[in-house]
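Have the model open beside you as you go.

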Amino acid sequence: MNQKPEEESKSISISDIEAEIEQFKSELQLCSKRTREFMAEEKPAEGIFFAREIFESQQEKLRLEVEIDTRQRKINRMRLGME
């Protein structure tokens, strides 16, 4: 009888984590779009560069990918009963 609430709490936690993953994925898409826009707007002949913005956007993209991966691994551990 004690296992059912435990299983329910795990499923709630997993669904919460999955929601976070979806949020990070949408942020990741926006970040990728922003990077492409900065790259498209650069005009080297006119001296217009967005190196800092592109770099920061790429760093944010990497951070989001790590957040997604970390949460996915946590879900996997939870499903295997390791947490």
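**Exercise 1.** In this predicted model, Arg-63 pairs with Glu-67 in a salt bridge. Work out how the two are placed along their helix and how accessible each one is.

*Solution.* Start with the contact: the closest N and O atoms of Arg-63 and Glu-67 are 3.6 Å apart, and the cut-off is 4 Å, so the pair qualifies. Next, the helix: both residues belong to α2 and are 4 residues apart, which puts about one helical turn between them. Then accessibility: Arg-63 has a relative accessible area of 35% and Glu-67 has 22%, so each counts as partly exposed. Finally, look at the partners: Arg-63 and Glu-67 belong to one network with Glu-20, Glu-60 and Arg-71, joined by salt bridges that share partners.

**Exercise 2.** What is the N to O distance between Glu-65 and Lys-61?

*Solution.* Their side chains meet in a salt bridge at 3.3 Å. Both lie in helix α2, 4 residues apart, or about one turn. Glu-65 is partly exposed at 31%, and Lys-61 is partly exposed at 29%. For the whole model, the count comes to 9 salt bridges.

Terms used. Residues numbered from 1 in each chain as written. Predicted model: local features only at pLDDT ≥ 70, side-chain atom pairs only at ≥ 80, totals over all residues. Heavy atoms only, no water. Buried < 20%, exposed > 50% of the residue type's maximum accessible area, 1.4 Å probe, protein only.
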